Amino acid sequence: MNPIILVVVFIACTIAGYFIIKNVPSLLHTPLMSGMNALSGVTIVGAITATGYALFNEDLGGFGHVLAQLVGCLAIVLAAINVFGGFGITHRMLQMFNKKKKN
């Protein structure tokens, strides 16, 4: 694929995603956040798969091999932060709803 096309698709998806998320009502935010946490779990599986491929594939060359491993490890760490942070935020939001029910 042409890298310019990939960048244009990324920018278009970013703009579309911003406008979709901007119009989500606050009552739907918590269920959508939980769904996104599940998708981030899939991202972790993909990052682990890509990193494993980089570890066991010798065709990448010297520096490309190390770079692929580093980027894969970074992807695993960032996706894990996203999952745990998302669950933390979801838990806090659900606690806010529980306080309203107690009053």
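Biologist: What percentage of the 103 residues in the chain is made up of buried residues?
Modeller: This is a predicted model. A residue counts as buried when its relative accessible area is under 20%. In the chain of 103 residues, the buried share is 17%.

Biologist: Which element has the highest mean pLDDT, and which the lowest?
Modeller: Over the chain the pLDDT averages 80, and 88% of the residues score at least 70. Among the elements, helix H2, residues 26-56, has the lowest mean, 79. The highest mean, 88, belongs to residues 3-22, which are helix H1.

Biologist: Of the contacts between residues at least 6 apart in sequence, what percentage joins residues at least 24 apart?
Modeller: A contact requires heavy atoms within 4.5 Å. Taking the contacts between residues at least 6 apart, the share joining residues at least 24 apart is 68%.

Biologist: Is Phe 10 buried or exposed?
Modeller: Phe 10 sits in helix H1. Its relative accessibility is 60%, and the cut-off is over 50%, so Phe 10 counts as exposed.

Biologist: What is the accessible area of the nonpolar patch that includes Phe 10?
Modeller: The patch lies on the surface and consists of Val 7, Phe 10, Ile 11, Ile 15, Tyr 18 and Phe 19. One of these, Phe 19, is partly exposed, with a relative accessible area of 45%. Together the residues of the patch have an accessible area of about 650 Å².

Biologist: How do the rings of Tyr 18 and Phe 19 pair: stacked, tilted or edge-to-face?
Modeller: The count of aromatic pairs is one. The ring centres of Tyr 18 and Phe 19 are 5.3 Å apart, within the 6.5 Å limit. Their planes stand at 75 degrees, and planes over 60 degrees apart qualify, so the pair is edge-to-face.

Technical notes:
Residues numbered from 1 in each chain as written. Predicted model: local features only at pLDDT ≥ 70, side-chain atom pairs only at ≥ 80, totals over all residues. Heavy atoms only, no water. Buried < 20%, exposed > 50% of the residue type's maximum accessible area, 1.4 Å probe, protein only. Phe/Tyr/Trp six-rings, centres within 6.5 Å; stacked < 30°, edge-to-face > 60°. pLDDT = per-residue confidence, 0-100. Helix = DSSP H or I, 4+ residues; strand = E, 2+ residues; numbered from the N terminus. Patch = residues over 30% accessible without salt bridge, like charges linked within 9 Å, V, L, I, M, F, W, Y side chains within 5 Å. Areas by Shrake-Rupley, 256 points an atom, 1.4 Å probe, with all protein chains shown as cover. Salt bridge = Lys/Arg side-chain N within 4 Å of Asp/Glu carboxyl O.
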